Amino acid sequence: MALDASFVGRCYPAAAAYQVGREKIREFAEAIGDSNALYRDPDAARAAGYADLVAPPTFAMILVLRTQEELINDPKLGLDYRRMVHGSQSFIHHRPITVGDELSAALHVDGIRAMGGNDMLTVRCEITDSAGDPVTTARAMLVVRGNDQ
Amino acid sequence: MSRRRCAEVGTVAEGDELPSLEVRLTRADLVRYAGASGDFNPIHWSDRAARDAGLPDVIAHGMLTMALATRLVTTWAGDPGAVVECAVRFTRPVVVPDNADGALVEVSGKVAKRRDDGTIVIAITARAAGQTVLGNATATVATSPASPASPRHGDISG
């Protein structure tokens, strides 16, 4: 195994809180080609019962990537980024993310195992709001292809 | 309006098909998604990096494909905040050649299950170049704003 298995159980908290802004939600919605009014029009979002614009379900990946980057770039882990592929991703939304949220994220290393010449890294990003309440749990399987492939 | 459409979701039956979605992805779309998401992995915009990684060509971000798969469901539900859970496996890359046609991603979905807690599970299929690109792709939709599984954040109308 190329990856250091002692990393299981480690946690990488984001250095700073992430402030969810209107223009970022609009930009992300545009990038996924989604014209839903609740991503663009605050009045439409309020009419639907939200305080402001709602984030698309995969918007939380922005926070996941920030915390994941720290782990991936940790030289002691021994991960070759060029050989890494995204195996799976899931999100559990404890509540929708909306404009104005101040989100904290922490990445947990849940598992490292070798399978068929590859290393499988399972990570979990817990996203919480400024009150410390859970917002999103995002899980990913990252696959690092072996040298012989 | 989204409330009303959300209520309509409450009347669906297992096996119902969602309106399908076809999205053409070009290199420009990948660059735009890279900027919006912060995923600047060069295999999504550099021919050289894609070749070095052993790929046939530049490929779309898996998360962009997942976003399109989820978009099928949020468009159907009306309220994106009703999606309480979504999950995919990335089984094949979506190869995006550097031309005007790019890659066509076809997304379809159907109601797989109605759960006792009022949530609806949608099974999603995504295809590109005639092959499926996602496995076990699902999204779970809450049908009732009062559902404890999905408290409406900032709901001012109670």
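Begin by selecting helix H1 (residues 22-31) of chain A together with helix H2 (residues 27-37) of chain B, whose axes lie 9 Å apart at an angle of about 155 degrees. Helices (H or I, at least four residues) and strands (E, at least two) are DSSP runs, numbered from the N terminus. Axes are lines fitted to C-alpha atoms, for helices over the stretch in contact, and angles run from 0 to 180 degrees between N-to-C directions. H1(A) and H2(B) are therefore roughly antiparallel, a label for angles over 145 degrees. Their crossing is left-handed, that is, the near helix is turned anticlockwise from the far one by less than a right angle.

This is a predicted model in which local features need pLDDT of at least 70 and side-chain atom pairs count only at pLDDT 80 or more, while totals for chains, interfaces and linings use all residues. Residues are numbered from 1 along each chain as its sequence is written, and chains are lettered from A and ligands numbered from 1 in the order in which they are written.

Next, display the residues between the two helices. A:Glu27, A:Phe28 and A:Ala31 in H1(A) meet B:Arg32, B:Tyr33 and B:Ala36 in H2(B); contact requires C-beta atoms, placed from the backbone, within 7 Å. By class, this helix contact has four nonpolar, no polar and two charged residues. Here Ala, Val, Leu, Ile, Met, Phe, Trp, Tyr, Cys and Pro count as nonpolar, Asp, Glu, Lys and Arg as charged, and the others, Gly among them, as polar.

Now widen the selection to the whole contact between the chains, which takes 31 residues from chain A and 40 residues from chain B. On the chain A side, H1, helix H3 (61-72) and strand S3 (84-93) each supply at least two residues, and the largest share, eight residues, comes from S3(A). The side of chain A that touches chain B has 16 nonpolar, eleven polar and four charged residues.

A residue is buried if 20 or more other C-beta atoms lie within 10 Å of its own, exposed if 12 or fewer, and partly exposed in between, with C-beta atoms placed from the backbone. Centre on B:Leu68: leaving aside residues up to four places away in sequence, B:Leu68 touches A:Ile32, B:Leu21, B:Val23, B:Val105, B:Val107 and B:Ala126.

Move to B:Leu25, in strand S1 (residues 21-25) of chain B. B:Leu25 counts as buried because 22 C-beta neighbours lie inside 10 Å. Its C-alpha atom is separated by 7.9 Å from that of B:Asp101, 76 residues apart along the chain.

Finally, inspect two backbone positions. Most residues other than glycine have a negative phi. B:Ala129, however, has a positive phi near 50 degrees and lies in the loop between strand S4 (119-128) and strand S5 (131-132) of chain B. B:Ala129 is exposed, with 11 other C-beta atoms within 10 Å. B:Asn136 has a positive phi of about 45 degrees, and its place is in strand S6 (residues 134-142) of chain B. B:Asn136 is exposed, with 12 other C-beta atoms within 10 Å.

Technical notes. Parallel < 35°, antiparallel > 145°, perpendicular 65-115°, else oblique.
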